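Have the sequence and the 3D view open as you read.

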Amino acid sequence: FFRFILFFGEDCMAKKPSLKSQIKRLLEGAESLALVDEGIGEKGARYLAEELSKNTTLVQLDLEFNGIGTAGAQALLTALHGNSTLTTLCLPNNDIDLGECEPAIRALLAANTTLTELVLTSNDGDDDDDLMEGIEALLQRNRDRKAQLPTPPADPVPCEGGS
């Protein structure tokens, strides 16, 4: 009987690490993270939200094609109110109802002036020009504030989903 130590030093004969512990490990010290089409879902989005609320290193996060849904998106948006490092959040193709998330988006961008890129394409409501223009205006306000800083941070790398 052989025992193998794999996956972050855990015994492969032991129980597979939980989604929550995997997310926590992925975020530890990361500055940029692309979790594209990883099947994160609403539950994973809630775990990410919990970790992002206390994260101080992540600058860019791409969650395209993860089926996080409206509730998962709202959890992420709410968790980011106090985050002062994330500048780019990509949520395209995630079954999000943007009309339903609009209050959470506006509240986030009122509270968090660090976020300068929020990609929401290919979700329900991305064809609502008034909604998207309103969000873009708030993001532009954040970009303008950032441009007034004495030494601005590096420009964000575009997400795979575009903007």
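A salt bridge here is a side-chain nitrogen of Lys or Arg within 4 Å of a carboxyl oxygen of Asp or Glu. By that rule, the count for this predicted model comes to six salt bridges. Side chains of opposite charge can pair when their charged atoms come close.

| Salt bridge | N to O distance |
|---|---|
| Glu51 and Lys54 | 3.9 Å |
| Glu117 and Arg143 | 3.0 Å |
| Glu136 and Arg143 | 2.7 Å |

Start with Glu51 and Lys54, whose side chains meet in a salt bridge.

Now for Arg143, which forms a salt bridge with Glu117. Arg143 lies in helix α5 and Glu117 in strand β6 (residues 117–119), so this pair ties together parts that are 26 residues apart in sequence. Arg143 also pairs with Glu136, and so Glu117, Glu136 and Arg143 are linked in a network of salt bridges. Glu117 is partly exposed, with a relative accessible area of 25%; Glu136 is partly exposed too, at 36%.

What about charges gathered on the surface? There is a patch of negative charge there, and its members include Asp95, Asp124, Asp130 and Glu133. Asp130 lies in helix α5 (residues 129–147). With a relative accessible area of 64%, Asp130 is exposed.

Conventions
Residues numbered from 1 in each chain as written. Predicted model: local features only at pLDDT ≥ 70, side-chain atom pairs only at ≥ 80, totals over all residues. Heavy atoms only, no water. Patch = residues over 30% accessible without salt bridge, like charges linked within 9 Å, V, L, I, M, F, W, Y side chains within 5 Å. Areas by Shrake-Rupley, 256 points an atom, 1.4 Å probe, with all protein chains shown as cover. Lys, Arg positive; Asp, Glu negative; His and termini not counted. Charge placed at Lys NZ, Arg CZ, Asp CG, Glu CD. Helix = DSSP H or I, 4+ residues; strand = E, 2+ residues; numbered from the N terminus. Buried < 20%, exposed > 50% of the residue type's maximum accessible area, 1.4 Å probe, protein only.
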